[in-house]
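Reader: I would like to learn how to read the strands and the core of a model such as this one. Could we go through it feature by feature?

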Amino acid sequence: MSTTAVSGCHYDIGFLLLPGFSQLAFASALEPLRMANHLADHRLYTWHLVSRDGGEVHASNGLATLVDQALEPMPALDLMLVCSGVGVQAHCERPVLAWLRRLAERDTPLGALCTGSYVLAMAGLLDGYRCTLHWEHIGSLHAARRFPAVTFSSQLFVMDRDRFTCSGGIAPLDMMLNLIGRQQGIGLAEAIAEEFIHERIRGVDDRQRTPLRVRLGHSHPKLEEVATLMEANLQEPLALDELARYAGLSRRQLERLFQRYVEVPPLKYYLALRLARARLLLLQTHMPITEVALACGFISPPHFTKCYHDHFGHSPSGERKRRALRQAELTISHERTLEE
């Protein structure tokens, strides 16, 4: 039985599923539409699942999802969302990009979940727009100087005119609740959030990364300040004395803070941040290893290789080989699926 009286407009929303898409992100976007229909006691939203060839699509967790149709005939929609995930670069195929451009020519609003913004950017459909995608990929795109006409944000989701983009995980739930609130009224959006035991509908001002104080379970303003300084200065790392001076601490006080709350020395924490950024650049860009090393504050490739191996258990070149192997396995799996 309906718990919320709503008599809103009807909307048709499409989901383009690309191989390796994030099923969590997809479900987080789809389920609010289903619940909106349930609570309103009539159909406010209809959804259409699309794949390139009309065949089932395997998510990143290996589960197959049946779709309603192939790219053609092109449906008349109020919004088309591109759902992607791992290995997105391999699925920016010309027919898909051309199809998205034709939708844009018909003034169809476009959006993306998780790494789907990369696909829209490849199609040139985010030029002049603000957008977001999963935080792991934003730094890599900046470092590789990809898509200079696109403004990437670290927000959970961005609604810029007729472009609706969001990061992965459950961020699509918040974007869709905001969209439903705009279209059908905030009362229905809040009722859906209650049904999903979602304590707060996050807004456009919320960011993706979890603050250090949340990760640690407590707050220490000076520690947060230093950690933020470290994250903002990965290419040209600050010396420990500089970090302490900026935070108004002595070097000894800074070392004690990190040992007490983070349980590692500050320079070890800083090195881990730089190596984590280096790993993302190795996995998500084609930057030469020497350039990756420089972008993460290592003045010597051999020193970078040693630090990387000590931290991850394999070399930067080994990381690239592992990536190539994973991509080859995904391609073979996809081809076998098409043959079946």
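Author: Let us begin with a term: a residue counts as buried when its relative accessible area is under 20%. Please keep in mind throughout that this is a predicted model.

Reader: With that cut-off in hand, which residues of strand 10 point one way, and which the other way?

Author: The general idea is that in a regular strand the side chains alternate between the two faces of the sheet. In strand 10, R163 and T165 point one way while F164 and C166 point the other way, and all of these are buried.

Reader: Why is R163 classed as buried?

Author: R163 is classed as buried because its relative accessible area is 5%, and the cut-off is 20%. Its side chain makes a polar contact with the side chain of D162, at 3.3 Å. Leaving aside neighbours within four places in sequence, R163 is also in contact with A104, T108, L110, L125, L126, Y129 and V158.

Reader: In which sense does strand 10 pair with strand 6, and in which sense with strand 9?

Author: Strand 6 and strand 10 pair in the parallel sense, over four bridges, and A112 stands opposite T165 there. Strand 9 pairs with strand 10 in the antiparallel sense, again over four bridges, with F164 as the bridge partner of M159.

Reader: How should I read the nonpolar core, and which residues have the most contacts inside it?

Author: In soluble globular proteins, nonpolar side chains tend to be buried together. Here the largest nonpolar core has 41 residues, and F15 and M175 have the most contacts inside it. Among the elements that each supply at least two residues of this core are strand 1, strand 9, strand 10 and helix 5, while helix 1 gives the most, with nine residues. As for M175, its contacts beyond four places in sequence are L81, L113, F157, M159, F164, T165 and C166. There is also a second, separate core of 32 residues, which includes M80, V82, A112 and L125.

Reader: What do the buried residues of helix 1 pack against?

Author: They pack against strands 1, 2, 5 and 6 and against helices 5 and 6; the buried residues of helix 1 include F26, L30, L33 and L39. Helix 1 has 18 residues and reaches 26 Å from its first C-alpha to its last, close to the 26 Å expected, and the residue that follows this helix, D41, has a positive phi near 65°.

Notes:
Residues numbered from 1 in each chain as written. Predicted model: local features only at pLDDT ≥ 70, side-chain atom pairs only at ≥ 80, totals over all residues. Heavy atoms only, no water. Core = buried A, V, L, I, M, F, W, Y, C linked by side-chain atoms within 4.5 Å. Buried < 20%, exposed > 50% of the residue type's maximum accessible area, 1.4 Å probe, protein only. Contact = heavy atoms within 4.5 Å. Expected span 1.5 Å × (residues − 1). Polar contact = N/O pair within 3.5 Å; in protein donor to acceptor, adjacent residues only side chain to side chain. Pairing = 2+ DSSP bridges.
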